[in-house]
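I opened my notebook to look up a few things in this structure. Here is what I wrote down as I went.

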Amino acid sequence: MIMKLKIGITCYPTVGGSGVVATELGKLLAEKGHEIHFISSSIPFRLNKIYSNIFYHQVEVSTYSVFQYPPYDLALASKMAEVIKREKLDILHVHYAIPHAVCAILAKQMSGTSVKIVTTLHGTDITVLGYDLSLAEMIKFGIEKSDSVTAVSKALVKQTHELISPDKNIQAVYNFVDERVYRKMDSQHLREQFGIKTYEKVIIHVSNFRGVKRVQDVIEAFALITEKVDAKLLLVGDGPEMSAICRQVRNLALEDNVLFLGKQDNLEELYSISDLKLLLSEKESFGLVLLEAMACGVPCIGTNIGGIPEVIMDGETGFLCELGDTRSVAEKAVMLLKDRELHTSFSAASRELVKTRFRSDIITEQYISIYEDLLSDT
Ligand code: GMT
């Protein structure tokens, strides 16, 4: 008999891969008949339609003047405990060890129930240690006290063991995209609206413009590409590095070739007019944006770091390059953009890989079996 579960989900609700994956998972679980309770500071941005079995519980943070800092983590734990008890949750699935897993552990104790805590690591927990080693013990605690822990790539499982050595089995469960949304579509009118000439190739980069994304390498590689191929670069997203990138584009006299589109929804429309995607990050536990592009048939070039080699099959769906080697990125990009047959084959292989390795129903089933295993143990 298929168990209908009551599942709480906590994630960062703002734009970002972890929030996207958590929200999309909630929606797919709801479509399978499970009851979903999002517990977060604001409504997850991808929760853009009404479902009769998805509920949203907002965490309200007190700004009482005695508190030097608003106690978000305590407010979250308290809301989690309330929802666990009132809604009789079977599972609380949190994305990030800190603070979410730690809050969930506290909430479970407060609730006095046997709700099972599943924690998914997205990478930033681990990269944050580069800035603050004092959090290592806290992350370890969050991982070890969770009932089950997953990470979004094998590389992240390995890195977590190397950096934190938790006494816990961590299972790799890959990210996925909703292939009903991410597919090649007819959005050619956008080329004209953006002033892209018929003979120009389109390269796209999507990120939150943090330092780790190395957007400056994307610009450097693009400058080299334009020496051989007529092309436009779509830069999608915004973040701390944006001013430096604007300056770099000006200094290289690339203003006419680089389109700054800012934050955008409906990325499938932009991918559908793109010929190539670049993601040249120095840290990337998975690279969800690669998957989104590949699902729309866009080959990707990425750095050979973190989880990227698990997403891009070098020489089959795209290319891998060493960090900072913008010359090699440009050479491979030019080869791919000039060879129609190679491009068609990479594009088809990208779509196929999304279907076979990262299909949403395969990944959703993996999470469901983790939930069911935990509940059958009790
Ligand atoms: O990359 C970011 O800055 C955002 C971060 C997040 O929390 O959404 O992304 C992380 O999780 C994504 C979803 O699992 C992954 O696709 C990204 O690779 C990962 N980012 C890093 O590891 C830097």
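**Entry 1: a term I need.** I count two residues as in contact if their C-beta atoms, placed from the backbone, lie within 7 Å. I also kept in mind that the model I am looking at is predicted.

**Entry 2: confidence.** I checked the scores before going further. The chain has a mean pLDDT of 95, and 98% of its residues reach 70 or more. For the model I noted an ipTM of 0.98 and a pTM of 0.95.

**Entry 3: helix 15.** I found helix 15 at residues 360-376, with 17 residues. From its first C-alpha to its last it reaches 24 Å, close to the 24 Å expected at 1.5 Å a residue. Which residues of helix 15 are buried? I listed Ser-360, Ile-363, Thr-364, Tyr-367, Ile-368, Ile-370 and Tyr-371. Seen down the axis of helix 15, these buried residues fall within an arc of 150°, so they line one face of the helix.

Next I asked what covers the buried residues of helix 15. The cover includes helix 1 (17-31), along with strand 4 (91-95), strand 5 (116-121) and strand 6 (148-151).

**Entry 4: around the ligand.** Helix 1 turned up again when I looked here. Which of the 19 residues around the ligand come nearest? They are Gly-16, Gly-17, Ser-18, His-122 and Gly-123. Helix 1 and helix 4 (124-127) are the elements that give two or more residues to the shell around the ligand. Helix 1 provides the largest share of that shell, three residues.

**Entry 5: Leu-337.** Is Leu-337 buried or exposed? It has 21 C-beta neighbours inside 10 Å, so Leu-337 counts as buried; the cut-off for buried is 20 or more. Leaving out residues up to four places away in sequence, Leu-337 touches Lys-201, Val-229, Asp-275 and Leu-276. I also compared Leu-337 with Val-202: they are 135 residues apart in sequence, and 9.4 Å apart in space, C-alpha to C-alpha.

**Entry 6: a record.** I looked up UniProt, where an unreviewed entry lists residues 188-352 as "domain: Glycosyl transferase family". In the model, the end C-alpha atoms of residues 188-352 lie 23 Å apart. I noted that this span is 42% helix and 18% strand.

Key. Residues numbered from 1 in each chain as written. Predicted model: local features only at pLDDT ≥ 70, side-chain atom pairs only at ≥ 80, totals over all residues. Helix = DSSP H or I, 4+ residues; strand = E, 2+ residues; numbered from the N terminus. Expected span 1.5 Å × (residues − 1). Buried ≥ 20, exposed ≤ 12 C-beta atoms within 10 Å, placed from the backbone. Arc of directions from axis to C-beta. UniProt positions renumbered as here; feature names shortened; annotations may be inferred. pLDDT = per-residue confidence, 0-100. Near = placed C-beta within 6 Å.
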